[in-house]
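Biologist: I have a two-chain model open and want to go through it with you. Can you put it up?

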Amino acid sequence: MSEILNVQGLSAGYGPLRVIHDLDLIVSSGERVGLVGLNGHGKTTLFYGIAGLTGWQRGSILFNGNQIGRTRSQGPGRYTHHIVRQGLAIMPQGDEIFHGLTVEEHLDSGAFTKQAWKTRKQRKEQVLDLFEPLKMLLKTPVARLSGGERRMVSIGRGLMTDAKLYLADEPSLGLAPKIGKGVMEALLKIELSNSAMIIAEQNVALLEGKVDRVIGMHAGKLKGEASSALSMHLK
Amino acid sequence: MDIGFILINATIVACIYGLIAVAVSITWSSLGLLNLSYGFIFSFAGYGAYLAARMLSDHPIVVLTAGILVGALGGIIICMLVFIPLHDKPNFTIRGMIGTLAISLIGSQCLLWYFGPKNKALPEVFGYWKVSIGNTVLTSDKIGIIVCSILMLVFVVLWMKSSRRGLEIRAMMMNPHAASIVGIGIRKTGFYVMAITGGMAGLSAVLLSQTYYIAPFSGLTPLIKGVSIALCGGLGSVQGAVIAAIILGITEALTSRLLGGQYVLITQFLVIITILIIRPRGIAGLLDKAREQ
């Protein structure tokens, strides 16, 4: 088991607001981690901090052994594409989609590495096997899809490359319970031999027993088993 | 008064200004930059084509290619000087507008300093033949202008639709934040956008210089018209820019035929203001808040 993500002393926020307070987190390969916390306690900001999308941040983030954390006070998103290209797949919450693109183009846009772009046809089929309802909608603009279908598109987009780390941000938010469960099952089906996944979720029942460990997030700090090694030590 | 003549003049105006309007529109919606430096790029590309015609050869393809390539180079220069340093700073929209305008004025002054105030003429790229359909006479340069600009526009639209870079640009037009999440680098895409739109401005410079001359400040009128057509069509919409270009082309041709050429700007801006009062977002502008910052 190798470390995929090692966050040390990460603080991040927007403008005068500090959302994440000196946070440490270790995720190893093959792990599926649940991140549970209420609205406004920093789950999304943690993901955006890893991707370099917050207003400012400081602290060390080792991703696959490479340092991607930096101290910066402006320029959200300037380095995000470099980080993403190292194998980070973000499945954002809400409508972080491209309204005018069709479902097919959307999936294509997720295949950003050279290899993934060459094999995008097979990958699209794999994604469509996971999300059956999208098969009929390939040529439809995403703006016309329902909320659940949009979420499937944005998760499918994240699956178009071989990511090292998947960050799924509230995959069941705002969906009917049945659809939310389906989306979550699709996420749990993804094989993680060499990679890891963090699922942020408010509904603990959806995660219980299905992920390797659950971390709580409260007021910008992690509660509970922040790393598997750490939790072993505590036991 | 024959309708054919007016229609053809309208089409030519629509083609030339339409190219710049589409360029303005694409830059605005993908980069969030209201690029006012097309005036400079326009004259820059014109002088580039002029130098190529004098030094290399006056073969039509050489002149046209030189215009497009120098225009693209101008776009890249603007990107490096304005977009790269400013794009993640606060108030980028205003700063970018002022920055590009400043570069445009400085650049035009440099051209004036280097080439002198004397107007330069490009060789007749499209030859001297003519075709008559009914009682309308089509000269070669008119046909050439229409064909070239439509080809360029079709090429750009197809490239945006089918290529990977085009997909990246369109994705960034719709949601810049989500674009960086899927690994699209805003700076790199900026260079592509500025190069291709610069190429469009360069082509329109060569085409317009078939009827006018090249001068350091000859890009000013096309810039003003291009930006106002883009505004009128709804910033960010390629179809809107094309429709607005056709409407304003017809206005210009009709005005210069019925009232006289000196009234063209007055009627054109009256039409633009009327359209914007009735429909503030422009003809085909997006209501989405796809680009709100």
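Biologist: What does chain A average in pLDDT?

Modeller: Chain A averages a pLDDT of 80, and 94% of the residues score at least 70. pLDDT is the predictor's confidence in each residue, from 0 to 100. This is a predicted model: local features need pLDDT of at least 70, side-chain atom pairs count only at pLDDT 80 or more, and totals for chains, interfaces and linings use all residues. Residues are numbered from 1 along each chain as its sequence is written, while chains are lettered from A and ligands numbered from 1 in the order in which they are written.

Biologist: Which element of chain A has the lowest mean pLDDT?

Modeller: Helix 9 (residues 228-234) of chain A, at 49. Strand 8 (residues 196-201) of chain A has the highest, 86. Helices (H or I, at least four residues) and strands (E, at least two) are DSSP runs, numbered from the N terminus.

Biologist: And chain B?

Modeller: Chain B averages 85, with 97% of the residues at 70 or above. The model scores ipTM 0.78 and pTM 0.82.

Biologist: Different topic. Is helix 9 of chain B largely enclosed or open?

Modeller: Largely enclosed by the rest of the structure, because 11 of its 14 residues are buried. Buried means 20 or more other C-beta atoms within 10 Å of a residue's own, with C-beta atoms placed from the backbone. Among the buried ones are B:Leu223, B:Lys225 and B:Ile229.

Biologist: What do they pack against?

Modeller: Helix 1 (3-31), helix 2 (38-55), helix 8 (186-208), helix 10 (238-258) and helix 11 (264-278) of chain B.

Biologist: What comes just after helix 9 of chain B?

Modeller: B:Gly234, which takes a positive phi of about 95°.

Biologist: Back to chain A. Which residues of helix 6 of chain A meet helix 7 of chain A?

Modeller: A:Gly148, A:Arg151, A:Met152 and A:Ile155 in helix 6 of chain A. Their partners in helix 7 of chain A are A:Ile179, A:Val183, A:Ala186 and A:Leu187. By class, that contact has 6 nonpolar, 1 polar and 1 charged residues.

Notes: A residue is buried if 20 or more other C-beta atoms lie within 10 Å of its own, exposed if 12 or fewer, and partly exposed in between; C-beta atoms are placed from the backbone. Two residues are in contact if their C-beta atoms, placed from the backbone, lie within 7 Å. Ala, Val, Leu, Ile, Met, Phe, Trp, Tyr, Cys and Pro count as nonpolar, Asp, Glu, Lys and Arg as charged, and the others, Gly among them, as polar.
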